[in-house]
Amino acid sequence: MYIPEEKIAQILNTSDIVDIISQNVILKKSGSNFFGLCPFHSEKTPSFSVNINKQIYYCFGCGAGGNVLNFLKRYHGITFPEAAKMLARKHNITIETKEIDPAKRKQLKLKESLFRLNKTTMEYYYSQLKNSNSGKIAARYLKQRKISDDIINEFHLGFSHDSWDSVVKEFKKLKVSEGVAAQSGLVLERKQNNGYYDRFRNRIMFPIFDINMQVAGFGGRVMDDAMPKYMNSPETLVYSKSRILYGLHAAKQFCRQEDFVYIVEGYFDFLSLYQHGIKNCVASLGTALTHEHIRILKGYASKMILVFDSDAAGISAAKRSIKIFMREGVDIKILVLPEKSDPDSYVVEHGQKAFNALALKAKTIMQFLLQVSIDTHGSSVEGRIKILNDMKPYLITIQDTALRSLYIKELAETLNIDENAVLEKVREQYLHTQESISKPYLFDGTKDEVRLDSDRREEQMISMVLNFPEIIDKINKTGVLEYFYSKKLKFIGKKIIGIDSDKKAFITNVMATMENSEDQQLIASLSMDDSFMDQDIQQTALSLINRIIRVRKKEENTLTSKIISAEKGCDSELMELLKEKQAEIQQLQ
Ligand SMILES: [Zn+2]
């Protein structure tokens, strides 16, 4: 369903965010904000704030933020239209759906068709498992893997025939259009361009549900040693690997209850844990965990335990995921299972209690990394120096200084090295990193993130315009947004200055035009910055604008002179890089 923008505005204007949130969170007034314990992360002192004038919430602890609709969506695990309907009902506002532009409608229709087709196909695979002759082999396989009928039914497991055209025939029977069939990823076009063939053949089928219980895609596993062992649907209009976690649709309520979630890798790991009563669990399906995955999970649980096999592949997968978790500031622990077991086999063999007991021994990130490093380098003098070098980059990413010094102490003790020496090494690493942060034109793969950190001015600019929309004119006239490093802030800035809105409800209206919750969160966080409240705002704005433009231009000059000296030094590689950089900057102006 599509809800017209005016309706959303009406709903937002009628609701009071303090009124709504206080039904779920105990709020106390303090200054111009209300404070309470954050429902999205666990804490003992309130850092969750609600601002009645700006009609937004923001958590200084975990960064959750947005307007009232975003709160309801996140708190109840519902969709945006559902949240809107919920509020509309409360205020007796009737929502009639509206005509939308043809392109958008076409896409919505296609999405609906894909969801419908996926559901039909899920039922087909399911019935083949239950009723067909060859399905019996698959049923036997599942039994052998100790998967119960209840689980087969709840998660709608199925079976795809060892045939090139079972699904193709099924689609023909149902008169599915070729366009929809091709976009579903369930069938593939033949090379000679004469029709289609089934993607999934002779596999156990796992439908993958999105958070709204719609079938977004499928995974298929062979029942013998054939390769590839697992196969998933390709990315489609309704299936995005970086956003979907297997099992979350069923696990979400349990994750909330327990306030923590196990993250495992495979279908069978998930299903076995769930079957054994460990229902606060999701599976990443072998794809690397993304920031989006983690942000989604943060809405359901504040603590997470990554569960990995003890083999080399498991360890390196765990190491890859760690940095993402650290950057997202999540309270994560790592559970490496005893040798030769995976979550599935472990829980089947030892049961729920043993698994939970084992989970209590999960390691913190530092403990885990240290163990891996010790296992790799040994404890000779050289080994210990190598271990220290391994740990340095991780230590400096810890924001909490108290926690960091604890780890440094622990590391010093474990390695039997003087604590001050460890500290000195970490400081060196820190300075080294700071240097590259303060020179954004150095070449760094993560330049956007680095710039986002380093360039507070751009954030300040956006904070200012959110709180004082009367400076929009100045922003327009100077074109300062064009000088922004951060693509994200530039994009948001442009959106903001393009909004035709009543200045009084400006933040509310800006928030309503932000499509994804990540943007809403950013807006909420920037709106909370009141630091320039008491200044002459036009004057402050102007000097900020000038500073942003000056810094950018100066960098361009620095680059030019660097290119000249690189040319003189015949460093052609450096020159190339510098020129690329220069082109990028010039393009912006
Ligand atoms: Zn929070």
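Modeller: The protein has 26 helices and 16 strands. Those are DSSP runs, numbered from the N terminus: H or I of at least four residues for helices, E of at least two for strands.

Biologist: What kind of model is this, and what pLDDT do local features need?

Modeller: This is a predicted model; local features need pLDDT of at least 70, side-chain atom pairs count only at pLDDT 80 or more, and totals for chains, interfaces and linings use all residues. Residues are numbered from 1 along each chain as its sequence is written.

Biologist: How much of the protein counts as buried?

Modeller: Of its 589 residues, 35%. Buried is 20 or more other C-beta atoms within 10 Å of the residue's own, exposed is 12 or fewer, and partly exposed is in between, with C-beta atoms placed from the backbone.

Biologist: Which residues have the most contacts inside the largest nonpolar core?

Modeller: Val261, Phe270, Cys281, Val282 and Leu306, in a core of 87 residues. The largest share of this core, seven residues, comes from helix H5 (residues 102–131). A nonpolar core here is a set of buried Ala, Val, Leu, Ile, Met, Phe, Trp, Tyr and Cys residues joined through C-beta atoms within 7 Å.

Biologist: What does Val261 touch?

Modeller: Cys255, Asn280, Cys281, Val282, Leu297, Tyr300, Ala301 and Met304, not counting residues up to four places away in sequence. Contact means C-beta atoms, placed from the backbone, within 7 Å.

Biologist: What does the second core include?

Modeller: Phe48, Cys62, Ile496 and Ile545 are included. That core is separate and has 53 residues.

Biologist: Switching to helices. At what angle do H20 and H22 cross?

Modeller: Roughly 20 degrees, for H20 (residues 456–467) and H22 (residues 487–497), with the axes coming within 10 Å. So H20 is roughly parallel to H22. The cut-offs: under 35 degrees is roughly parallel, over 145 roughly antiparallel, 65 to 115 roughly perpendicular, and the rest oblique. Axes are lines fitted to C-alpha atoms, for helices over the stretch in contact, and angles run from 0 to 180 degrees between N-to-C directions.

Biologist: Which residues meet there?

Modeller: Glu458, Glu459, Ile462, Val465 and Leu466 in H20 meet Leu489, Ile492, Gly493 and Ile496 in H22.

Biologist: And H23, is it enclosed or exposed?

Modeller: Largely enclosed by the rest of the structure, because six of the eight residues of H23 (residues 506–513) are buried. Those six are Phe506, Ile507, Thr508, Asn509, Val510 and Met511. They pack against helix H1 (5–14), E4, strand E5 (65–66), H20, H22 and helix H24 (517–527).

Biologist: Backbone next. Where is the cis peptide bond?

Modeller: Between Met227 and Pro228, with omega about -10 degrees. Pro228 lies in the loop between strand E10 (215–221) and strand E11 (230–232).

Biologist: What about phi at Gln55?

Modeller: Positive, about 55 degrees, although Gln55 is not a glycine. Gln55 sits in the loop between strand E3 (48–51) and strand E4 (56–59). It is buried, with 20 other C-beta atoms within 10 Å.

Biologist: And His156, what is its phi?

Modeller: Positive too, about 50 degrees, and His156 is not a glycine. His156 is in the loop between helix H7 (149–154) and strand E6 (158–160). With 17 other C-beta atoms within 10 Å, His156 is partly exposed.

Biologist: Last one. Is Lys361 buried or exposed?

Modeller: Exposed, with 9 C-beta neighbours inside 10 Å. Lys361 lies in the loop between helix H14 (343–359) and strand E16 (363–364).

Notes: Two residues are in contact if their C-beta atoms, placed from the backbone, lie within 7 Å.
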